[in-house]
Amino acid sequence: MNQRRLAWTIWGVSVGLMPFAVLLNAFGKNLDVGEAVVVTVGVVLWATVGALITSRQMGNRVGLIFAGVALSAAVGLAGEGYASFALERGLPLVAISSWVARVAFLGMIGPLAFLSLIFPTGAPPIVDPRPFRYARFFDGSRPRPTTGL
């Protein structure tokens, strides 16, 4: 699967999970309308920006990070909604969905740490080591003769 298809598939899954997550949170009486609107708009925007960057610039990994963060947020919100809904009604898989909701937070925060490393081009910057070649001679230390033991 190429990156374009992957990004748009992630976009579809993220956008498709958000109504499911909002409905589960509404049925679980765990819904704040303002928060639901902001989070839904945020997930849709992150997924859309990720899919657009990936579809326009194939080698740029920033788009996949954006889409992955949106997918992780959507899965986490759906897991949280199902956990609260299932806990009230005695449905199965409460522990697993609660665990998925908590682990999905790491899937949101983890990739963002790497975003600043690859931001403009989608690849890590290459540092030219030539200016630092002689830096050890200018730090005030001199080579010392060894004392043989």
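**Close-up views of a predicted helical model**

**View 1. Contacts of serine 72.** Serine 72 is in contact with Ala104, Gly107 and Met108, leaving aside its neighbours within four places in sequence; contact means heavy atoms within 4.5 Å. The model is predicted: local features need pLDDT of at least 70, side-chain atom pairs count only at pLDDT 80 or more, and totals for chains, interfaces and linings use all residues. Residues are numbered from 1 along each chain as its sequence is written, and side-chain values use heavy atoms, with hydrogens and water left out. Serine 72 sits in helix α3. With a relative accessibility of 12%, serine 72 is buried, where buried means under 20% relative accessible area, exposed means over 50%, and partly exposed lies in between (1.4 Å probe, protein chains only).

**View 2. Overall layout of the protein.** The protein contains four helices and zero strands; helices (H or I, at least four residues) and strands (E, at least two) are DSSP runs, numbered from the N terminus. The order of elements from the N terminus on is α-α-α-α. Among the 149 residues of the protein, 28% are buried. For contacts in the protein with a separation of 6 or more, 70% are between residues 24 or more positions apart. The protein has an accessible surface of about 10,200 Å², and carbon and sulfur atoms account for 70% of this area. Accessible areas come from the Shrake-Rupley method with a 1.4 Å probe, and for residues only the protein chains shown count as cover.

**View 3. Aromatic pairs.** Three aromatic pairs are present in the structure. In one of them, the ring centres of tryptophan 8 and tryptophan 11 are 5.6 Å apart and the planes stand at 70°, so this pair is edge-to-face. Rings of Phe, Tyr and Trp (its six-membered ring) pair if their centres lie within 6.5 Å; planes under 30 degrees apart count as stacked, over 60 as edge-to-face and the rest as tilted. Helix α1 (residues 3–27) holds both tryptophan 8 and tryptophan 11, which are three residues apart, about one turn of the helix. Tryptophan 8 is partly exposed at a relative accessible area of 35%; tryptophan 11 is also partly exposed, at 28%. Phenylalanine 27 and phenylalanine 85 form a pair with ring centres 6.3 Å apart and planes at 45°, so it is tilted. This pair joins distant parts of the chain, with phenylalanine 27 in helix α1 and phenylalanine 85 in helix α3 (residues 62–89), 58 residues apart. Phenylalanine 27 is partly exposed, its relative accessible area being 47%, whereas phenylalanine 85 is buried at 16%.

**View 4. Nonpolar cores.** The largest nonpolar core has nine residues: Met18, Ala21, Val43, Ala47, Ala70, Ala73, Ala74, Leu77 and Ala78. A nonpolar core is a set of buried Ala, Val, Leu, Ile, Met, Phe, Trp, Tyr and Cys residues joined through side-chain atoms within 4.5 Å. Two or more residues of this core come from each of α1, α2 (33–56) and α3. Helix α3 contributes the most, with five residues. Not counting residues up to four places away in sequence, leucine 77 touches Met18, Ala21, Asn25 and Val39. A second, separate core has six residues, including Ile65, Phe66, Leu115 and Ile118.

**View 5. A nonpolar surface patch.** Leu31, Val33, Val37, Val41 and Leu45 make a nonpolar surface patch of about 440 Å². Patches are made of residues with over 30% relative accessible area and no salt bridge; like charges are joined within 9 Å, and nonpolar side chains (Val, Leu, Ile, Met, Phe, Trp, Tyr) within 5 Å. Valine 41 belongs to helix α2. Valine 41 is partly exposed, with 45% relative accessibility.

**View 6. The salt bridge.** One salt bridge is found in a search of the whole structure; the term stands for a side-chain nitrogen of Lys or Arg within 4 Å of a carboxyl oxygen of Asp or Glu. The side chains involved are those of arginine 89 and glutamate 88, at 3.3 Å from N to O. Arginine 89 is partly exposed at 44% relative accessibility, and glutamate 88 is partly exposed at 45%.

**View 7. Backbone at leucine 93.** Leucine 93 is not a glycine, yet has a positive phi of about 70°. Most residues other than glycine have a negative phi. Leucine 93 lies in the loop between α3 and α4 (94–118). With a relative accessible area of 53%, leucine 93 is exposed.
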